[in-house]
There are 2 protein chains.
Amino acid sequence: MSVVIPDDLVEKGKTRIVMIVMDGLGGLPDPSTGKTELETAETPHLDALARTAALGQILPVGVGITSGSGPGHLALFGYDPLVWNIGRGVLSGLGVAFPLETGDVATRLNFATVDASGNITDRRAGRPSDDENRRLVARLRERVKPPAGVQVFFESEKEHRLVLVLRGQGLSADLLDTDPQQTGVPALAVKGTTPAGEKSAPVVQQVLDQARAALRDEPVANAVLARGFAEYRAYPTFMDRYKLKALAIARYPMYRGVARLVGMDIQPPPDSDQGVVDALAQRWSEYDFFFLHFKYPDSRGEDGDFAAKAKAIANVDPLIPGITALNPDVIIVTGDHSTPARWKAHSWHPSPLLLASKWARPAGAQGFGETECAVHGELGTFLAKDLMTLALAHAGRLAKYGA
Amino acid sequence: MSVVIPDDLVEKGKTRIVMIVMDGLGGLPDPSTGKTELETAETPHLDALARTAALGQILPVGVGITSGSGPGHLALFGYDPLVWNIGRGVLSGLGVAFPLETGDVATRLNFATVDASGNITDRRAGRPSDDENRRLVARLRERVKPPAGVQVFFESEKEHRLVLVLRGQGLSADLLDTDPQQTGVPALAVKGTTPAGEKSAPVVQQVLDQARAALRDEPVANAVLARGFAEYRAYPTFMDRYKLKALAIARYPMYRGVARLVGMDIQPPPDSDQGVVDALAQRWSEYDFFFLHFKYPDSRGEDGDFAAKAKAIANVDPLIPGITALNPDVIIVTGDHSTPARWKAHSWHPSPLLLASKWARPAGAQGFGETECAVHGELGTFLAKDLMTLALAHAGRLAKYGA
């Protein structure tokens with residue numbers, strides 16, 4: 001079931017594909033009603049679309065595997081997440097639009113608080129404001145001196161989060177986190193997991209020691225903890241693989257980051273969900289493929305708030321007419337993974353999938369929901385990495401294989 | 001759909017998984033009722049469980065492939081049967097609890113009857129009693145002299161079956177059977193299928209010739225036939241792969257053999273199906289994973305007796321409350337392959353699968369049966385080797401993949 005598109009099948013075309021990702025869409029039923037968040041939400045427009053669409057279920061990584069957002073989106077974009085996995089550091093670097101180069105080693109840092117003996121008292125330094133974050137980053141930039149032959153970049157992310165990028169010959173990201181994931185103990189020393197990592201460890205330690213020294217007299221954010229060292233490598237782009245000029249419209253940095261990784265153009269972040277659709281309409285004539293990301297179903301799922309997650313899904317529904325009015329050739333609605341409110345975290349359950357196109361073969365569904373996708377799914381259950389092939393086919397952009 | 005669990009995702013936990021295997025569970029409909037053996041059987045407790053469970057279908061090896069019991073169980077245990085195939089000789093050796101070592105060459109032998117000119121008249125020597133079998137094996141042990149540098153072990157199995165194990169430097173199991181699968185002809189000579197096998201063939205032939213000589217004056221069992229030469233190699237264990245302490249409760253030796261192969265502890269064989277559940281309750285606090293095996297659905301399917309197979313399935317149903325009363329976190333009910341009574345043998349049809357857990361997403365099934373599993377299966381149809389990943393996920397024992 002794991003098909004790679006034979007390269008020469010992809011054709012240019014004038015058709016347009018819209019992929020709508022409701023983050024963490026899939027859920028679990030409320031035991032009192034037997035309905036999931038999606039099945040509970042009022043979604044008349046999605047239901048109408050589902051009645052004419054092909055439905056199915058997709059697995060981000062594989063049976064039983066819970067996916068992070070990075071691999072979940074890579075799979076939706078057609079990149080096998082077991083081959084093209086992506087570390088937190090690179091994801092964060094892309095999210096803040098840092099121009100990563102092949103070989104760069106990136107890691108997420110947290111500002112943290114340590115006591116006089118160096119033991120961590122707050123792994124997030126009281127969640128500083130973004131302004132405070134920028135002030136602290138400026139201090140790091142000013143005081144940390146790059147080791148010989150290495151360039152060092154600090155970039156603000158949000159609240160307690162920042163990104164550290166190291167650029168230099170032979171640096172390796174085979175390094176363990178220095179964040180011990182608990183308080184009352186000191187930060188861990190940088191440690192390599194391979195010979196290359198062991199060689200890089202002292203260089204990275206030197207940078208982190210300087211960062212610590214630079215923050216020593218700060219009242220709260222007086223330390224940093226590293227999580228998710230990762231090396232950047234260039235990905236083949238949407239244009240390379242699919243001959244698609246692609247635009248990402250996403251309000252949250254991380255999703256713009258993954259889109260940038262696969263060569264999509266990035267729309268400046270709209271300040272509302274309606275703004276996402278307005279941007280789509282504005283840029284409609286310029287692109288072949290549009291990735292639209294809606295974050296809140298996942299956030300409310302992680303909160304464990306069933307009603308709020310259903311509402312977050314319902315809030316996307318009124319945007320659908322504005323999208324269908326543009327007459328896309330293919331509309332996909334799905335999630336990057338499930339986030340059931342009852343589970344309060346990402347889960348392994350398949351994501352419901354709706355693919356609307358004039359070439360869809362509907363199988364009797366009355367609306368959009370997990371059970372309808374399982375029971376009336378012409379598409380069956382398949383790996384998310386094969387979704388793009390299906391989208392290209394429905395867009396008339398794949399030639400016949402063989403004579 | 002063929003995902004290996006990235007190793008570092010497996011976490012320890014306090015949850016418990018019960019895997020109930022009804023051997024040869026899947027069937028074909030009786031043309032007069034349109035219902036399979038499982039759908040015909042009275043199974044009120046399984047039906048109730050199915051209404052709250054996730055259903056699906058699993059393929060032991062692949063689409064259209066009929067599986068033996070060895071590969072069928074290895075797949076259920078998460079070992080790709082195309083990679084970890086296991087020969088009959090090793091399976092038999094494990095079944096009689098012989099302490100196989102890596103490199104051992106094992107084969108099943110049948111006692112057989114040959115006439116004065118050496119032609120086979122009965123491939124099973126009139127199915128001797130187990131006592132008679134033990135007497136004959138003692139004679140072989142006494143009279144067969146090991147070739148230089150080789151250790152030779154004979155072990156009784158049941159009726160006409162015994163196991164021969166050869167241990168020595170450089171021995172290969174790349175050998176064809178000496179059982180010609182017909183009467184009126186002599187046993188075949190030992191023949192290698194590779195250069196290594198050709199080198200081992202004379203050594204094995206020498207042992208078989210001695211065995212023949214040792215039995216020459218027996219009135220009935222005056223020869224042996226070899227079936228299924230196989231080399232033993234150590235398998236990674238359930239603890240290695242899944243961090244699960246596992247117990248097998250199975251009344252038939254072969255199934256204890258496969259379980260032993262993957263490092264499960266083995267419960268002394270209960271003398272009734274109720275005894276299987278009693279043993280489960282007794283050992284409940286000691287293990288994380290329990291493999292329960294029920295043999296009769298397969299036996300009655302092989303007999304071609306539809307009603308008896310349905311009855312054998314119905315007989316397992318009353319055991320379910322005793323299992324659910326223990327509050328397992330995950331209950332799986334499935335088969336290792338299908339054995340439709342109409343087909344009178346193992347078949348390639350997928351096995352119906354029921355997975356009950358508090359995190360299951362039911363999809364409208366009213367009971368447990370092949371059609372409900374196909375039509376109302378949230379889990380879809382997937383390879384049996386991925387079932388363990390799903391079980392671990394539902395047991396909360398798998399971390400998220402990627403950031």
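**Close-up views of a predicted two-chain model**

View 1. B:Val277 sits in helix α9 of chain B, which covers residues 273–282. The structure shown here, as in every view below, is a predicted model. B:Val277 is classed as buried because its relative accessibility is 5%, and the cut-off for that class is under 20%. Apart from neighbours within four places in sequence, the contacts of B:Val277 are B:Leu319, B:Gly322 and B:Ile323.

View 2. Helix α8 of chain B spans residues 253–261, and its buried residues are B:Tyr255, B:Arg256, B:Gly257, B:Val258, B:Ala259 and B:Leu261.

**View 3. Kinked helix α6 of chain A.** Helix α6 of chain A runs over residues 195–214, 20 residues in total. From first to last C-alpha α6(A) reaches 30 Å, close to the 28 Å expected at 1.5 Å a residue. Where does the kink in α6(A) lie? The kink, of about 35°, is at A:Ala201, shortly before the proline A:Pro202. A:Ala201 is also one of the buried residues of this helix, together with A:Gly197, A:Ser200, A:Val204, A:Val207, A:Leu208, A:Gln210, A:Ala211 and A:Ala214. In chain A, these buried residues pack against β3 (105–114), α5 (130–143), β5, β6 and β7 (223–231).

View 4. Most residues other than glycine have a negative phi. A:Glu159 is not a glycine, yet its phi is positive, at about 50°. This residue belongs to the loop that joins β5 (151–156) to β6 (161–167) in chain A. A:Glu159 counts as partly exposed because its relative accessibility is 29%. In chain B, B:Arg127 also has a positive phi without being a glycine, here about 45°. The loop holding B:Arg127 lies between β4 (120–122) and α5 (130–143) of chain B. With a relative accessible area of 45%, B:Arg127 is partly exposed.

**View 5. Largest cavity, lined by residues of chains A and B.** Rolling a probe the size of a water molecule over the atoms shows where empty space is left. How many cavities of 30 Å³ or more does a search of the whole structure find? The search finds two, and the largest has a volume of about 90 Å³. Chain A contributes A:Leu59, A:Val63, A:Gly64, A:Trp348, A:His349, A:Pro350 and A:Thr381 to the lining of the largest cavity. From chain B, the lining residues are B:Glu378, B:Leu379, B:Phe382 and B:Leu390. By class, this lining has seven nonpolar residues, three polar and one charged.

**View 6. Second largest cavity, lined by residues of chain B.** The second largest cavity holds about 30 Å³ of space. Its lining is made of B:Arg251, B:Tyr252, B:Asp273, B:His293, B:Phe294, B:Lys295 and B:Tyr296. Three of the lining residues are nonpolar, one is polar and three are charged.

Definitions and conventions: Residues are numbered from 1 along each chain as its sequence is written. Chains are lettered from A and ligands numbered from 1 in the order in which they are written. This is a predicted model: local features need pLDDT of at least 70, side-chain atom pairs count only at pLDDT 80 or more; totals for chains, interfaces and linings use all residues. Side-chain values use heavy atoms; hydrogens and water are left out. On a 1 Å grid over the protein atoms alone, a cavity is a set of points where a 1.4 Å probe fits but cannot get out, and a pocket is an open set with protein on both sides within 12 Å along at least five of seven lines; lining residues have an atom within 4 Å of a point. Grid points are joined across faces, edges and corners, and a volume is the space filled by probe spheres set on the points. Ala, Val, Leu, Ile, Met, Phe, Trp, Tyr, Cys and Pro count as nonpolar, Asp, Glu, Lys and Arg as charged, and the others, Gly among them, as polar. Helices (H or I, at least four residues) and strands (E, at least two) are DSSP runs, numbered from the N terminus. Buried means under 20% relative accessible area, exposed over 50%, partly exposed in between (1.4 Å probe, protein chains only). The expected span of a helix is 1.5 Å times one less than its number of residues. The bend at a residue is the angle between axes fitted to the seven residues ending there and the seven starting there. Contact means heavy atoms within 4.5 Å.
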